[in-house]
Each structure stands twice: as C-alpha cells, then as structure tokens.
Amino acid sequence: MNPGELTPVEYELQVKEYIESHTETVDEFRVTHLEKLAASDGEFEIDIVARFRFLGISWLAIIECKRYSRPIERKIVMELKAKRDALGADKAILFATSTFQTGAIEYAQRHRIALCHFQKVLVECFSTHTPYRIDYPIYVFDGIDAHGQKITRERDCLFDMLAREGAKR
C-alpha cells in the first residue's frame with residue numbers, strides 16, 4: 001500500500017502497531033494513541049505515547065508521526081524537542097513516511113531525537129496463471145538514532161535504541 005494513500009490517523013496506527021510488536025524486552029509496556037499530556041505551559045496531544053519499565057526504570061517516550069511526501073524540515077524536529085522538554089519525556093522519536101532534510105538530521109543528532117523513516121508495505125505476489133495478493137506486512141525502517149548512527153533494516157527493534165540511551169545515563 002502506498003503511504004500516500006493512507007490518512008494521517010491510519011499512518012499513526014501503523015506506527016503504533018509496529019511499536020507494540022517490539023515489547024518483548026520491556027515490562028509494563030503501554031502504548032496510547034492521541035493522548036493528551038499536561039505540561040506546565042499547556043496541554044499537548046501526542047500521536048503515540050509509550051510508557052514502560054526497562055532495567056527497573058520507568059520510561060516515557062513521545063512519538064510523533066508525519067505522513068509527508070516532502071522531506072521533513074528542521075522546524076518539525078524543533079517542535080518535537082519543545083514538547084519533549086515541556087513534558088519531561090525521556091525520549092522523543094519522529095516517524096515519517098518521507099526522508100529528512102539535512103538541517104533536521106543535524107538538529108535531531110544534537111538534541112538526542114531519533115528520526116525514523118518508516119513505511120508498512122504490502123507485498124503483492126503473482127503466479128504465472130492466477131494473480132493473487134498476499135497482505136504480508138514488511139516494515140521498512142530507515143532511521144538515525146540519537147547518536148547519529150544510521151539504522152537500515154527491514155525490521156528493527158525500537159527498544160534497542162532506547163536501551164542504548166538508558167545505558168548512557
């Protein structure tokens with residue numbers, strides 16, 4: 001399925017499904033969609049909020065999802081950083097169907113924000129005589145973690161990234 005055919009909410013729910021599929025290494029994992037979180041300077045509606053315990057530590061990760069056809073600009077990453085700081089979240093992650101501009105990548109690296117180019121692709125298979133379709137989800141994950149390390153895998157564990165962050169505290 002072409003990501004351009006999805007609504008923003010459908011894309012957010014695909015990212016939520018992907019995150020939920022990587023819960024085997026954490027305890028008390030909860031993920032919500034469009035949760036409103038209060039901060040000292042107002043309330044924010046966050047696309048996806050993940051709460052969990054890892055290594056005995058409670059974590060709060062805020063995740064924004066952008067279904068854009070153009071590369072993500074630095075301004076979008078700056079807005080996510082402001083939300084993370086206001087909410088006191090442990091981690092901020094930006095998932096997008098598009099790539100990221102150089103300024104967005106550099107800003108994210110300096111401020112420890114993970115960028116993830118993510119699409120759920122449906123594979124179509126055809127036999128010689130009878131075409132048929134198999135809806136088999138393949139997660140295309142292409143990202144840059146908060147330390148500037150490039151990640152490119154068909155399926156990647158989001159929480160490996162979070163564990164590396166926790167180990168450095």
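Colleague: Where is the place of threonine 97?
Modeller: Threonine 97 is in the loop between strand E4 (91–96) and helix H3 (102–110). Helices (H or I, at least four residues) and strands (E, at least two) are DSSP runs, numbered from the N terminus. Keep in mind that this is a predicted model, where local features need pLDDT of at least 70, side-chain atom pairs count only at pLDDT 80 or more, and totals for chains, interfaces and linings use all residues. Residues are numbered from 1 along each chain as its sequence is written, and side-chain values use heavy atoms, with hydrogens and water left out.

Colleague: Is threonine 97 buried or exposed?
Modeller: Threonine 97 counts as buried because its relative accessible area is 9%. The cut-offs are under 20% for buried, over 50% for exposed and partly exposed in between, with a 1.4 Å probe and protein chains only.

Colleague: And what lies 2.9 Å from a polar atom of its side chain?
Modeller: That's the backbone oxygen of tyrosine 68. Tyrosine 68 also has arginine 70 over the face of its ring, at 4.8 Å from the ring centre. For a charge to sit over a ring, NZ of Lys or CZ of Arg has to be within 6 Å of the ring centre and within 35 degrees of the ring normal.

Colleague: New topic: how many aromatic pairs are there in the whole structure?
Modeller: The search turns up 2. Rings of Phe, Tyr and Trp (its six-membered ring) pair if their centres lie within 6.5 Å; planes under 30 degrees apart are stacked, over 60 edge-to-face, and the rest tilted.

Colleague: Phenylalanine 52 and tryptophan 59: buried or exposed?
Modeller: Phenylalanine 52 is buried, since its relative accessibility is 3%. Tryptophan 59 is buried too, because its relative accessible area is 4%.

Colleague: How do E1 and E2 pair?
Modeller: They run antiparallel over 10 bridges, and form a hairpin with 2 residues between them. Two strands pair if DSSP finds at least two bridges between them. Valine 31 has alanine 50 in E2 as its bridge partner, and alanine 50 also stands opposite alanine 61 in E3.

Colleague: What does E3 do on its two sides, then?
Modeller: E2 and E3 are antiparallel, joined by 7 bridges, whereas E3 and E4 pair in the parallel sense over 6 bridges. Lysine 66 stands opposite alanine 96 in E4. E3 (residues 57–66) is mostly covered, with 8 of its 10 residues buried.

Colleague: Where does glycine 56 lie?
Modeller: In the loop between E2 and E3. Glycine 56 counts as exposed because its relative accessibility is 53%. Its C-alpha is 9.4 Å from that of valine 26, which is 30 residues apart from glycine 56 along the chain.

Colleague: Over to the helices. Which one is lysine 83 in?
Modeller: Lysine 83 is in H2 (residues 74–87). Lysine 83 is buried, because its relative accessible area is 18%. Leaving aside neighbours within four places in sequence, lysine 83 contacts Phe44, Glu45, Ile46, Ile62 and Glu64; contact means heavy atoms within 4.5 Å.

Colleague: And which residues in H1 are buried?
Modeller: Tyr11, Glu12, Gln14, Val15, Lys16, Tyr18 and Ile19. An α-helix has 3.6 residues a turn, so residues three or four places apart point the same way.

Colleague: Last one: how many helices and strands does the chain have?
Modeller: There are 4 helices and 7 strands, and from the N terminus they run α-β-β-β-α-β-α-β-β-β-α. Of the 169 residues, 47% are buried. Among contacts with a separation of 6 or more, 51% are between residues 24 or more positions apart.

How values were computed
A polar contact is a pair of N or O atoms within 3.5 Å; within protein, one must be able to donate a hydrogen and the other to accept it, and residues adjacent in sequence count only if both atoms are side-chain atoms.
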